[in-house]
Amino acid sequence: MTCLHPRLLRPLLSAFTLATLGLVVSLTPGSPASAAEITRRGSCEASLTGQIDPGDGDRLQAIRDSDSCRYFELYLSSPGGSVKEALSIADSLMNVITFIEADQQCLSACALIFMAARTCGGAPYYCAPTRNMHPTATLGFHAPFLKPGQAEQLVPLDLSFKAALGIFADIQNTFSRISASVASTGYSGSMIHADLFAKMFSTPPEEFYTIVTNDQFHTFGIGLTGDVPEDRAPDLTRGQAEMLCYNVLYDTYRGWNHSEYGFEDYGTMTLGDVPSVADYRRRGNEQFVRFDGLNLGIGWSGWCQVQGFEGNPMLDVALYRGDAFPSQDTPAEERDRLHYSMAYPAQTPVAGLSWGGSGSGASVSLPELTGLAREYFRRLDRTGNGAPSALWIAEKRAAIDSAASGICAAEALDILNQSRSGRSASVVLRASVTACGASSGESYRLRMEFTDTGSGWQIMALSSAE
């Protein structure tokens, strides 16, 4: 099952640009180009907004030099632009933290800049990626491409092909060099994960591979920002604690998969359906989940400990082998830190998750599931070029995905069936969806999946029921 996101329905904005051998990598067809704005936001902060053009790196560096800061924050909002300039900027992002703020987009070449941020420090000296985005922001990757203009029609095909290979090699070489530098201090990952490279280079220029779900953020080392209450810690339900522990075990012993092949059974998991849970206990603000013979390619039995802290979206997770309940002095076999979004099933879109499953967020609490289903389509319905406000649905029909111009009308027509099992439920409905520019809508038979978060029902996925 492929999980996609309604933000993919936004108009496609841009592709990479490249000036080489008289060839140009195409920008948005019919869209006027506008140079990037690089402005100082405050001490040791700057923003880059708009199309990335040659010379932007020098202007950004001038601001950094004038501030003389050890660490620098760069806020991005760009449809893309020059690959060559983006890679030049990427090379210079030592001790820089990149951000994409709420509802902003960072696409194409901008995504390369975003992913290159890294900082170093401490004793022992250690470097790591430092890139963060808001759950409602859009980070999009696709392959660069060459599109000869009218004056370049006579450029030999083999030279065009050579130029295309060259820019792919430039991207690989730049990030290999940055990754090697960071790895030399002990960081075990890559600046761009191999699966993300594969997705980037296999996504056509007119489409985007976007970072939407919790397992994508976790695998690709992308931090999440947002409003986090400073006076309380995430309050996980038992089901969420079980899911968080299962996710850390899955990641430890099998690893998330974002290629075309491999283990993807984690995508079928739901809250309250975690296998091999043998016991659950609390000790103060600590939660303990015991697994007995959990099969992840290797049988795992033992305890998982989860602890949260006020004002911190990251949860400490410790693993202990054996049947004995761990005391406060028991040494952990392994430790990890996971964002609270990993307390939900893998492939859950983060835009709809709220702090600890309660409080503010995109979840909607209505007395009946049918009312929540209709509420989703009411929010999805729009006119003009506005984006849908319901951003937490995990899957859409391929026919809807292909409507690059977006959805301009949506309506739940009939509720056909609904069922509930524990903390999970589903509604089968018939809905009408109209793509922008289409003369009429198409009718779909869909299944909407729900989870009881403890503070109300929340929509988790939308799939075909045909």
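This is a predicted model: local features need pLDDT of at least 70, side-chain atom pairs count only at pLDDT 80 or more; totals for chains, interfaces and linings use all residues.
The ring centres of Y250 and W256 lie 5.2 Å apart and their planes meet at 10 degrees, so the two rings are stacked.

## Other aromatic pairs

The count of aromatic pairs comes to nine. One of them joins F175 and F197 in an edge-to-face arrangement, with 6.3 Å from centre to centre and 80 degrees between the planes. F175 belongs to helix α4 (residues 157-183) and F197 to helix α5 (residues 194-202), so this pair ties together parts that are 22 residues apart in sequence. F175 and F197 are both buried. Ring pairs also link these two residues with F168 and F201 into a cluster.

## The five-stranded sheet

Five strands form an open sheet in the order β14-β15-β16-β17-β18, and their pairing is antiparallel. At the edges are β14 (277-283) and β18 (334-339), each of which pairs on one side only. On average, neighbouring strands are turned by 25 degrees against each other, direction ignored. Six bridges connect β14 with β15 (residues 286-295).

Helix α7 (residues 238-253) lies across β14, β15, β16 (299-307), β17 (314-321) and β18, and runs at about 50 degrees to β15.

## Charges over rings

R281 has F288 in β15 as its bridge partner. The charged end of R281 sits over the ring of F325, 4.7 Å from the ring centre. Elsewhere, the charged end of R41 sits over the ring of Y75, at 3.7 Å from its centre.

Note on methods. Residues are numbered from 1 along each chain as its sequence is written. Side-chain values use heavy atoms; hydrogens and water are left out. Two strands pair if DSSP finds at least two bridges between them. Helices (H or I, at least four residues) and strands (E, at least two) are DSSP runs, numbered from the N terminus. Axes are lines fitted to C-alpha atoms, for helices over the stretch in contact, and angles run from 0 to 180 degrees between N-to-C directions. Contact means heavy atoms within 4.5 Å. Rings of Phe, Tyr and Trp (its six-membered ring) pair if their centres lie within 6.5 Å; planes under 30 degrees apart count as stacked, over 60 as edge-to-face and the rest as tilted. Buried means under 20% relative accessible area, exposed over 50%, partly exposed in between (1.4 Å probe, protein chains only). A charge sits over a ring if NZ of Lys or CZ of Arg is within 6 Å of the ring centre and within 35 degrees of the ring normal.
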